Amino acid sequence: MEISALVFYLLAAITIGSAAIVAFSRNIVYSAFSLLGTFAGVAGIYVFLGADFVAGVQILIYVGGILVLILFAVMLTHRIADVQITNRSAGMIPAVVIIAVFLGLLIQSIRDTPWAKAKEIVYLPTTAAIGDFFLQHYLLPFELASLVLLAALIGAVVLSRKETKE
Amino acid sequence: MQQLVDQLIQEGYFEGVPKDFVYTGFMVLVALLVLSFFVAPLAGITSWLERRVWARIQSRVGPNRVGPQGILQWLADGIKNLLKEDIIPTAADKRLFALAPYVVFVGFFATFVVIPFGSQLIVADLNIGILYLLAITSLVVVGILMAGWSSNNKWSLLGGMRSAAQIVSYEIPAGLALLTIVFAAGTLSMQGIIKAQGWAPWDWLLFYNPFTFAAFFLYFTAALAEGNRTPFDIPEAESELVAGYVTEYSGMRFLFFFFAEWGNLYVIGAIATTLFLGGWQIPPITDHPVLVGILQFIVFFLKAYLWVFVAMWVRGTLPRVRVDQLMSLCWKYMVPLSFICLLGTAAWMVIWPQGNRVASFVMFLIGVAILGLFFRRVRFQIRHAQPVLYWKPYI
């Protein structure tokens, strides 16, 4: 076995293991902190795909931004230790049906995809290419995403602003 | 290096182990050893120097007993902390409490991977050097939140929350200031940015245009805030929060947090040097490869350490800001200013795609004038304070 394969399996194990803790831990703070492993593992897999820029952004946005926000929210909740991890508003039977359908779909798509093995990972600077694509080929989706983010920003300001009464 | 490993393999030291493993193992081992033996004394000596510098600023003596001028104080402190009992509070969340110092430490230590000490002296010159730096330091926030929450102490939690809010906010002006330089240099790689500059000060990106000049100060201020340094050290403000998120820590775990803080000072200086101050660039005076390497390292180290000293100086002279002042400084002044710097540099590059040498010279002269005025001011102050200063620094 090559060392890259070993590292890959290690990364996959970290990602899936942390994700399992996120889903099954009874302590909601543990779940939140385990997200760190999941995000970092996914970033490692991006590195394996030769997408170092995406990996850097993954860590920057997900660990530096989103995870910290989640942690803030979680730490301000009470009853951290005994969270009801099963959702009582939906029954057992619909859950099993949905899981079965999605599992089937996933297995189907995994089996149907022709997995090509990359011969060698080449680390070329991808940043400029990504920028070109954003501002040429994918300009419309890019601008739309910016608009959505702007709307979210304005929404946050409106929500957090104090009501001033005349 | 590779020849040595090849020879070891041929002599049969690693029977049955694939070559890949041996190479990777050796590379990791050497990099870790070099970094540890560089980073550990660096952080230690910085801690001693900081205490001495403050002491002089406050007309005290400071630690001067262990070794000449107390230079071995950090070893004594380290041994003392290693031997101390490792206390974990009963009500604390033991696993997270134990893990938190390491997360903080990894976030700081991993930055050394991309710091270019010389044209050959870098662990890994990543294509995304700066992005990696910004990304990996976000681990520190997670570690601090972990420490704050798991201590099960109000002061710790408040300190952790404050720290996270502060770091997340100040990441934005710091990141934008760095992005200004990425614009001017046209690359994210640390070595690439240094190669875009020259050895002469007017070839540095600091003097590239007025906007990068301003971005430097924005970066340095924001980096001090990100490193929880005075005047932005509200997460561990003694007068309000005991010791913030490190209140419950003792012994070596406590030291790990401060190890990261002192080492981080050097990282701030190194980033500022790489991006704004020409990095390891030296005048072409010699061709000897070893000599060039040593000179480059010395130049880089001194430039970076100058900013460590400035940070100590700032800490010794400025009072702490309030929480609301901290946030309004970031969001109302620094973020808009850094956006102006970014857009200004972009416009500058549209007008002068090759840069503007005359403007660089003018900026350099302005920089020298500011420095001159500053030193005149300092001399004036020292002359007036002379009668009350206890003016004998080396006891």
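Domain bounds come from an automatic or database domain assignment. The structure is a predicted model, in which local features need pLDDT of at least 70 and side-chain atom pairs count only at pLDDT 80 or more, while totals for chains, interfaces and linings use all residues. Residues are numbered from 1 along each chain as its sequence is written, and chains are lettered from A and ligands numbered from 1 in the order in which they are written.

**Exercise 1.** State the confidence of chain B and of the complex.

*Solution.* Begin with pLDDT, the predictor's confidence in each residue, from 0 to 100. Its mean over chain B is 82, and 92% of the residues of chain B reach 70 or more. For the complex, the predictor gives an ipTM of 0.77 and a pTM of 0.84.

**Exercise 2.** Describe how chain B is divided and how domain 2 of chain B meets domain 3 of chain B.

*Solution.* First, list the domains of chain B: domain 1 (1-78), domain 2 (84-352) and domain 3 (356-395). Next, take the C-alpha centres of domains 2 and 3 of chain B, which lie 25 Å apart. Then apply the contact criterion (C-beta atoms, placed from the backbone, within 7 Å): eight residues of domain 2 of chain B are in contact with seven residues of domain 3 of chain B.

Definitions and conventions:
Two residues are in contact if their C-beta atoms, placed from the backbone, lie within 7 Å.
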